[in-house]
Amino acid sequence: MLRLRTSSNLKRLIKVAQNRQCRPICSRRARSSSAILQEAEKYQPGQHIHGFTVDKVEKVSELHLSAIKLTHDATGAQYLHVARDDSNNVFSVGFRTTPMDDTGVPHILEHTVLCGSDKYPVRDPFFKMLTRSLSTFLNAMTACDYTVYPFSSQNAKDFENLLSVYLDAVFFPRLKEFDFSQEGWRLEHEDVNNANSPIIFKGVVFNEMKGALTSPDQMFAIHVQNKILPSHTYATNYGGDPLKIPNLTVEQLREFHSTHYHPSNARFYTYGDMPMERHLEFIQNHALSKFTKIQPDTDVPKEERWTEPREDHVYCAVDPMAADPNKQTTLSISYLLEDISDTFESFTASILGSLLTAGPTSPFYQALLDANIGSDYAPVVGYDSSTKEATFSIGLKGISENDVETVKNIIEDTFDKVIQEGFPEERIEAVLHKIELSLKHQTTQFGLGVISSLMPSWNHGGDPMVNLQINKCVDQFKKSMAENPRFLQDKIEAYFKCNTHKLTLTMSPDSEYEAKKSAEEQVLLQEKLNSLSEDQKTEVFNHGIELAKIQNSKEDLSCLPTLKISDINPELKRTQVKKAIIESVPVQLCEQPTNGVTYFRAVANLKKLPEELMAYVPLFCSVITNLGAGVMSHHELAQREELKTGGLNVSTHTVLHHSNMNSHEQGVLISSYCLDHNMEDMFDLWTEIFHRANFDDKNTLTTLIQMEAADMANSLPHHGHHYAMLCAGSSLTPLGKVKELFGGMTQVAIMKKIAEMKDLEPVINNLKMIAHILFNRKNFRCALNTTAEGLDPAVSSLEKFLQTVAAPSKADPASHVKMIEVSDFKPSSRRIHFPLPFPVNYMGQCLPTVPYSHRDCASLRVLSKLMTSKFLHREIREKGGAYGGGASMGTSGIFTFYSYRDPNNIETLQAFKSSAEWASQGKYTQQEIDEAKLSVFQTIDYPIAPPSRGMTLFLTGITDDMKQTHREQLFAVTRDDLVNVAQKYLLSDHQTNGIAFLGPETPLTRENDDWMKVVDGQPSYIHKH
Ligand SMILES: [Zn+2]
């Protein structure tokens, strides 16, 4: 996986707050929380343990953890252990990877080390471990200056199994030439078996980067980094430039491995409630004892400061989905700031970044976004600490070329204004409140969050122990503010006004861009081909045949460690909830150790909504909390929201009935949380919004609509397979149709149309009508998750709140059955192509099956995992060169095939078909069936944090008893069951099914009448209004 820089996100919180969340004390285990921490605190600096020496031990009470920092004596490897009462244990090893060219060497290396190691000589061992493990996270990521290999698991045996595979993969990989050519690049005949077909470039990373770089946002982010830090590693495209990837050789790759993936250049991290000593011993025995110290020479030097600001311009592809084709210029001004290892400086800059850019109350939001000059912030915005020396960027995208100077002036003026006026006290309070709340709000992946927030600074020698001490930073910040009320203003002056290391970058579309890139690729290809002798050409052919043979060969996986079905708990972990009726509204109460935070959710059912309003529900959800309400402007509302809550969210809600394919619920999910003492304030905000949302504020509405439309269009290259799947499933069930309307290509087209409207009056009327129909107690059901002490006050606040919501009338009373049943619905087959100028395809194929409670659902779930890992992965990814692909079966009654960033389409559809045939023949082993079951249990036993417990029941009506029955059905699935369901549901020749894909023009649909083409976001089947 390649981790590119974060793209623009208005809701981006301050990094510190976002990544450091905590988990409560959990009473069910034998080792108590305090015992786990005490055990860690008994270590002394200087103490020797399994080849390591303890450097430092510290307790961080605000995060309920103790941390131990160690150094490995023989190699100098760094180690951090974080002891915490959390069963979701984490391991991670990271290396500083600092490429000096655009060949994508760290990224290709990340892929190639996962093609087999000394002890585990199998391709893609992580992927194969997925099916032999109960891991809760398992991946590898390449960032701009480090590569990290993290996993997490709740099971001790599983943890050791994974640790063994990870250590062997990174320290003892085979790095074979064939693997390099499969993952990196190679010359190969277009049709491997035909020596007369043209020779082209192939390779997983080669294709992945071609896909990733089609996005103008990604391109812009890369350019900003390259140009503001031009003298060392940050000037490169670390993921790989498709035009430079073919310069990399396997020898260079091996050399990069030996200098960068060495313990002397490594940082190890373990986290959770398992004892540290066992980890140290294992790592010492299986990896570190085999190395001696080297000088890795991977330091990144300080960037020399510019004496004059610089300006630059770059080109990108034309965005076919842009709402206004004349407004496609991006402009951003970036500043180089301090080294990120200075913890307090970094903390201050991140707070400042948040104050300046985040949310409607921030000065840049008001000056740039409210002015409606562009569609959204530029792709990189605010404080960015992903490089050794941090940067800050501000700008807009989707602007007209004529507005470039205007935007520059606004940016300068805004800095001047803030230097003069400072920030309102309430805003600073809101940021500190956000930090406090984030320390208490719990998520499942706390341990991973810790390492991902520590890694950038630790990677460059920052002290991770200091970075964990958030309260120290908060205190120092408050002190600085008290001593100097102009503390922040002075910082702004220093960071921005007086900073000559400043880059103004603009980007505009070039209609020839794609053509030029592809011409350059052709030139490169021709050069490579011209340099080949006849013998070497024969070699290309033979290499292709040989690689195909290797890919097709059956591997012996018995070397990989595995869990057994008997390691899985036969009993479901149940959640106790209480049911109540408050003000005629059904309420679910769930007592949980939530650390003094209360979580509120409500589903407002849309059964009664007129058909023609349905298309506007997603827009309604995205604007309702952002428009201002009553006397509060949208700025004031956002301000209160930040000061009193963790955010107010409204989203669409759709679920299939657990036992009926033609029955579903459609509605809106309302959710928010707050510190217990802010409960009344939180409900007051909802009351204001429900009754007095200011739909008539056309200016704000326009801004929101433009941003939403742009976000949707930009999401196509990232989530193309989701759009394909939604479309493919939309003719199969009544629910499928609604899901597509709410979140599919139909919605993208609707939003584009709304964004182009001159008169918003009809839209405003529709939104008002939705609000009027929706906010009635007869449509509501609510849920509260809070502590035992928090429950009574929460209930009485809720009661007061519900009294303000319109009451059901006698003629139309509240009812508990809120499903819609379309009993006469007939599924129909459809084939749809969305031609888009992407170099790759995103495919989806759907077949209707059964709802959750049906016995066959369990078999289909197991089968989908089996088909993915044992058939589709090989065909679509390894052979086809797609980034991903597989099959899935969830709870919406649809069995789905998909592929992601896929160079093929006909072959992929054939692979879907062949996989069903393969499945119906039953030629798989018991071991393979067990692995598929393990993968299903990974999903259903994924840890759930206290705020979310009981939510399945609340949202879907699926009870713990039904889950236990489903669990037993999963255990009981046999080979015969799998063969049966494959024949019954998946052999698509005699099954209704839907196929859809996003991708370039292709003979598949050009010459085929079965296909409907949907061009320019105006599909002919679109729901008319
Ligand atoms: Zn990748």
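At 23% relative accessibility, glutamate 555 counts as partly exposed, a class that lies between buried (under 20% relative accessible area) and exposed (over 50%), as judged with a 1.4 Å probe on protein chains only. The model described here is predicted, so that local features need pLDDT of at least 70 and side-chain atom pairs count only at pLDDT 80 or more, whereas totals for chains, interfaces and linings use all residues. Residues are numbered from 1 along each chain as its sequence is written, and side-chain values use heavy atoms, with hydrogens and water left out.

Glutamate 555 forms a salt bridge with arginine 123, in which the closest N and O atoms are 3.8 Å apart; a salt bridge is here a side-chain nitrogen of Lys or Arg within 4 Å of a carboxyl oxygen of Asp or Glu. This pair links distant parts of the chain, since glutamate 555 belongs to the loop between α20 (534–552) and β18 (578–582) and arginine 123 to the loop between α3 and α4 (125–130), 432 residues apart. Helices (H or I, at least four residues) and strands (E, at least two) are DSSP runs, numbered from the N terminus. Arginine 123, with a relative accessible area of 7%, is buried. Both residues take part in a network of salt bridges that links Arg123, Lys128, Glu555 and Glu878.

A search of the whole structure finds 49 salt bridges. One of them joins arginine 186 to glutamate 188, with the closest N and O atoms 2.6 Å apart; arginine 186 is buried at a relative accessible area of 8%, and glutamate 188 is buried at 3% relative accessibility. In another, the side chains of glutamate 931 and lysine 870 meet at 3.1 Å, N to O. Here too the pair links distant parts of the chain, with glutamate 931 in helix α31 (residues 926–940) and lysine 870 in helix α29 (residues 855–879), 61 residues apart. Glutamate 931 and lysine 870 are both buried.

The zinc ion has as its protein donors His107 (NE2), His111 (NE2), Glu208 (OE) and Glu208 (OE), which lie 2.1 to 2.7 Å from it. Donors are N, O and S atoms within 2.8 Å of the metal (3.2 Å for Na, K and Ca), and because water is not among the atoms, sites may look incomplete. In sequence, the donor residues are spaced H-x3-H-x96-E. Histidine 107 and histidine 111 are 4 residues apart in helix α3 (residues 105–112), and are therefore separated by about one helical turn. Histidine 107 is buried at 0% relative accessibility, and histidine 111 is buried at 6%. The angles among the 4 donor atoms run from 53 to 153 degrees, and the site is irregular.

The largest nonpolar core holds 159 residues, of which Phe600, Ile670 and Trp686 touch the most other members. Such a core is a set of buried Ala, Val, Leu, Ile, Met, Phe, Trp, Tyr and Cys residues joined through side-chain atoms within 4.5 Å. Helix α24 (residues 698–729) gives the most to this core, with 11 residues. Apart from this core lies another, of 75 residues, among them Leu114, Leu213, Tyr261 and Phe282. When neighbours within four places in sequence are left aside, isoleucine 670 is in contact (heavy atoms within 4.5 Å) with residues including Phe600, Trp686, Phe690, Phe775 and Phe780.

Helix α22 (residues 634–644) is largely enclosed by the rest of the structure, because 9 of its 11 residues are buried. The buried residues of α22 pack against α12 (363–369), α14 (425–440), β21 (648–657), β22 (660–675), α23 (679–692) and α24.

The secondary structure of the protein chain comes to 35 helices and 30 strands. The radius of gyration of the chain is 28 Å, close to the 31 Å that the globule rule gives for 1025 residues, so the chain is as compact as a globular protein of that length; the radius is taken over C-alpha atoms, and the rule is 2.2 Å times the number of residues to the power 0.38. Buried residues make up 63% of the 1025 residues.

Terms used
Four donors count as tetrahedral if all angles lie between 85 and 135 degrees; four count as square planar and six as octahedral if opposite donors are over 155 degrees apart and all others between 65 and 115; anything else is irregular.
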